[in-house]
Amino acid sequence: SAVNLVLPPRCAGCGSIVGSTAGFCPDCWSTLDFLSGPACSRCDLPMETLMAEEALCGACLADPPPYSRVHVPLAYGAATRSIVMRLKYGRKTGFARLMARLMRRRLQDDARGDPTAEPPLFIPVPLHRWRIWSRGFNQSAEVAGHLARATGWPLLVDGLHRHKRTPPLRGLGRRDRAKTVRGAFTVRDSARSQLSGRRILLVDDVFTTGATAA
């Protein structure tokens with residue numbers, strides 16, 4: 001109570017004071033576009049109707065991605081953009097917990113899987129070392145850490161290595177994004193035995209064309 005009095009909870013979208021730590025004021029909450037309707041079973045792209053439970057969008061039919069499933073909780077909008085930008089560039093690392101809470105909603109199907117099966121392994125998309133030094137942290141690793149603590153599933157922070165320094169992908173199309181990140185990542189030799197045969201949950205802050213995930 002004392003902390004809330006001195007540092008009252010603020011909306012993650014607009015920064016206005018809110019009455020609880022729920023994350024958003026009513027106005028910003030009303031703008032959130034939760035992706036819970038019909039969607040492509042591979043990339044999670046919203047679809048008007050589903051012809052079958054495992055229906056794919058045209059892009060995934062034409063060029064199936066190498067990953068098996070994408071879980072996207074929210075469409076990118078003003079409020080979600082504010083969270084991402086303030087986390088990455090404003091160093092508001094507390095937003096990582098909020099993002100993890102929103103992401104976890106889309107992992108309920110995984111949570112209801114076979115209880116005897118080995119749990120999936122969280123791995124964050126790595127940043128290049130220069131980006132880590134300038135930013136001070138990896139936002140995807142922060143989110144993955146909160147997801148691991150909330151689910152009890154294991155986390156491997158340094159399983160992947162980003163050895164190629166790439167420019168920001170903002171504003172690039174699908175083809176240019178894929179070209180930019182091609183060859184940027186490798187699996188660390190020390191992690192190969194841990195990854196072999198495991199189901200991996202790759203964690204990133206924003207999913208656009210899927211170039212980084214691929």
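This section describes helix packing and aromatic pairing in a predicted model.

Residues are numbered from 1 along each chain as its sequence is written, and side-chain values use heavy atoms, with hydrogens and water left out. Local features need pLDDT of at least 70, side-chain atom pairs count only at pLDDT 80 or more, and totals for chains, interfaces and linings use all residues.

The mean pLDDT (the predictor's confidence in each residue, from 0 to 100) of the protein is 84. A value of 70 or more is reached by 89% of its residues. Among the elements (DSSP runs, with helices H or I of at least four residues and strands E of at least two, numbered from the N terminus), helix α1 (residues 2–6) has the lowest mean pLDDT, 58. Strand β1 (residues 121–124) has the highest, 95.

Helix α4 (residues 78–88) packs on helix α5 (residues 95–104) at an angle of about 140°, with the axes 9 Å apart. Axes are lines fitted to C-alpha atoms, for helices over the stretch in contact, and angles run from 0 to 180 degrees between N-to-C directions. The crossing of α4 over α5 is left-handed (near helix turned anticlockwise from the far one by less than a right angle). Contact (heavy atoms within 4.5 Å) involves I83, V84, R86 and L87 of α4 and F95, A96, L98 and M99 of α5.

The axes of α5 and helix α8 (residues 139–151) come within 8 Å and cross at roughly 55°. This pair, α5 and α8, is therefore also oblique. α5 passes α8 in a right-handed crossing. A96, R97, M99, A100, M103 and R104 of α5 meet E142, V143, H146, L147, A150 and T151 of α8.

Aromatic pairs (Phe, Tyr and Trp six-membered ring centres within 6.5 Å) number 5. One of them, Y67 with F207, is edge-to-face (planes over 60 degrees apart), at 6.2 Å centre to centre and 80° between the planes. Y67 lies in the loop between α3 (58–62) and α4, and F207 in the segment after β4 (200–203), so the pair ties together parts 140 residues apart in sequence.

Conventions. Angles under 35 degrees count as roughly parallel, over 145 as roughly antiparallel, 65 to 115 as roughly perpendicular and the rest as oblique. Rings of Phe, Tyr and Trp (its six-membered ring) pair if their centres lie within 6.5 Å; planes under 30 degrees apart count as stacked, over 60 as edge-to-face and the rest as tilted.
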